[in-house]
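Thanks for coming, everyone. I would like to walk through one structure this morning, going from backbone details to packing and then to the aromatic rings.

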Amino acid sequence: MPGGDQFARFYPGLVPEEERLWRKFLREHELEYDEFLYNVRVGEGINIEKRPLTDDPELDRKLRQQFREATQKRIDVLGVRLGELWIFEVEVRPGTQALGQLVFYRGLLPRMPEIIARRGEPPNESEARLLALLRPQIPPTTLAVVSERMGFDNRAVFEGAGVRIFLFP
């Protein structure tokens with residue numbers, strides 16, 4: 001179980017307002033989870049064609065990788081709990097965009113082993129960890145939002161979509 005994420009200096013991918021909310025969540029729930037991964041890239045992103053970009057093949061490879069990573073979708077936080085994955089969206093006031101992101105990320109996760117294999121390059125460290133979590137089969141996945149406030153209509157729709165809500169006013 002983690003036992004120090006709440007004391008981290010920062011959380012990759014979260015802006016200061018979201019970091020504040022995430023720390024509140026961790027103070028109450030961190031020990032319920034085995035692990036957290038931050039700013040998890042999912043989806044293919046945009047792959048630049050394999051023609052030379054510079055005179056340096058290694059620089060070309062790094063530029064392609066940076067562009068692909070910059071255009072991939074990013075899960076704010078991926079939690080691991082008792083063999084399940086939890087996709088967290090951390091937003092002060094989540095709305096339709098947050099709900100769409102959660103649903104979209106859940107749809108992309110099962111595709112990641114195929115996407116990474118098709119690239120023909122070894123996975124980076126965070127991709128390797130993600131692949132380990134997704135194999136031998138995709139675990140059950142829970143969607144969750146950590147927020148400061150939520151409109152009445154939004155709450156009803158999030159709950160109706162099966163999204164767990166953690167409010168920290």
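Asn 39 is found in strand β1, where strands are DSSP runs of E of at least two residues, helices are runs of H or I of at least four, and both are numbered from the N terminus. Its phi is near 55 degrees, a positive value in a residue other than glycine.

Before I go on, please keep in mind that this is a predicted model, in which local features need pLDDT of at least 70 and side-chain atom pairs count only at pLDDT 80 or more, while totals for chains, interfaces and linings use all residues. Residues are numbered from 1 along each chain as its sequence is written, and side-chain values use heavy atoms, with hydrogens and water left out.

Leu 82 has a phi near 50 degrees, which is again a positive value in a residue other than glycine, and this residue is found in the loop between β2 and β3. Leu 82 counts as exposed because its relative accessibility is 75%; the cut-offs here are under 20% relative accessible area for buried, over 50% for exposed and partly exposed in between, with a 1.4 Å probe and protein chains only. Gly 83 also has its place in the loop between β2 and β3, and its C-alpha atom is separated by 7.8 Å from that of Pro 140, a residue 57 places away along the chain. Not counting residues up to four places away in sequence, Gly 83 touches Asp 34, Pro 139 and Pro 140, contact being heavy atoms within 4.5 Å.

One more backbone detail concerns the peptide bond from Arg 135 to Pro 136, which is cis, with omega near 5 degrees. Pro 136 is found in the loop between α5 and β4. As background, most residues other than glycine have a negative phi, and most peptide bonds are trans.

Now to the packing. The largest nonpolar core has 27 residues, and those with the most contacts inside it are Val 42, Leu 78, Ile 87, Leu 109 and Phe 158; by a nonpolar core I mean a set of buried Ala, Val, Leu, Ile, Met, Phe, Trp, Tyr and Cys residues joined through side-chain atoms within 4.5 Å. At least two residues of this core come from each of β1, β2, β3, α3 (96-108), α4, α5 (125-134) and β4, and α3 gives the most, with five residues. Apart from it lies another core, of 18 residues, among them Trp 22, Val 77, Phe 88 and Val 146.

Arg 119 is found in helix α4, residues 112-119, and it counts as buried because its relative accessibility is 14%. Which side chain does the side chain of Arg 119 meet in a polar contact? The partner is the side chain of Glu 127, at 2.7 Å, a polar contact being a pair of N or O atoms within 3.5 Å in which, within protein, one must be able to donate a hydrogen and the other to accept it, and for which residues adjacent in sequence count only if both atoms are side-chain atoms.

Helix α1, residues 16-29, has buried residues that include Trp 22, Phe 25 and Leu 26, and what covers its buried residues includes β1, β2, β3, β4 and β5.

That brings me to the rings, where a search of the whole structure finds 15 aromatic pairs. Rings of Phe, Tyr and Trp (its six-membered ring) pair if their centres lie within 6.5 Å, with planes under 30 degrees apart counted as stacked, over 60 as edge-to-face and the rest as tilted. Phe 25 and Phe 166 have ring centres 5.0 Å apart and planes at 80 degrees, so the pair is edge-to-face. Phe 25 lies in helix α1 and Phe 166 in strand β5, so this pair ties together parts that are 141 residues apart in sequence. Phe 25 is buried, with a relative accessible area of 0%, and Phe 166 is buried at 7%. Phe 25 also forms an edge-to-face pair with Phe 168, at 6.4 Å centre to centre and 90 degrees between the planes.
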